[in-house]
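Hi,

Here is the structure I promised to send over. Have a look at it first, and my notes on what turned up are just below.

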Amino acid sequence: MANPSQMEPEKLRMALLGAVRYGKPLVLDLMGCDILHIVKERVNSIHEGLWDWILDKTLVTEEKFNKITKKEDGPEYEEKQFWARMDEFKLWVITNAEPEPELLDMFYTIRVKPAPPKV
């Protein structure tokens, strides 16, 4: 999240809707910062409990999904447009710092180690 404005609730909500709509991952790049708690707060500011809905995958149910859409989102974000790809939605969290224990407990982690320098 090199640009803090990307974490504004409305931009985050639209990124989430787009990821769900097109069955793509929502990628949150924490960079080297310990900000998972801020991400959770911002996500939950869109709708109370939304972070948990993303993690337990209940966001892709009609009941919960309809709680984060708005009429002014446009026809491409109407409920009937989503069902074909909703199950393909994923959340990816990327960080180049040692992940905090809570992050390790919530996600399947992959550690990438840089190759040693060539001599």
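Start with G23: this glycine sits just after helix 1 and takes a positive phi of about 65°. Keep in mind that this is a predicted model.

Helix 1 itself covers residues 9–21. At 1.5 Å a residue, its 13 residues should span 18 Å, and the end C-alpha atoms are 18 Å apart, so the two agree. Its buried residues are L12, R13, L16, L17, G18, A19, V20 and R21. What do they pack against? Strand 1 (25–31), helix 2 (36–46), helix 3 (50–55) and helix 4 (62–65).

Now the inside. The largest nonpolar core has 27 residues, and L16, L50, W51, I54, L59 and F89 touch the most other members. Two or more residues of this core come from each of helix 1, strand 1, helix 2 and helix 3. Helix 1 gives the most, with five residues.

Setting aside neighbours within four places in sequence, L59 contacts L16 and V20, which are among the buried residues of helix 1.

Last stop, R111, in the segment after helix 5 (101–106). Which residues does R111 touch, not counting those up to four places away in sequence? They are E98, P99 and L104. The C-alpha atoms of R111 and N96 are separated by 9.3 Å, with the two residues 15 apart along the chain.

Cheers

Methods
Residues are numbered from 1 along each chain as its sequence is written. This is a predicted model: local features need pLDDT of at least 70, side-chain atom pairs count only at pLDDT 80 or more; totals for chains, interfaces and linings use all residues. Side-chain values use heavy atoms; hydrogens and water are left out. The expected span of a helix is 1.5 Å times one less than its number of residues. Buried means under 20% relative accessible area, exposed over 50%, partly exposed in between (1.4 Å probe, protein chains only). Contact means heavy atoms within 4.5 Å. A nonpolar core is a set of buried Ala, Val, Leu, Ile, Met, Phe, Trp, Tyr and Cys residues joined through side-chain atoms within 4.5 Å.
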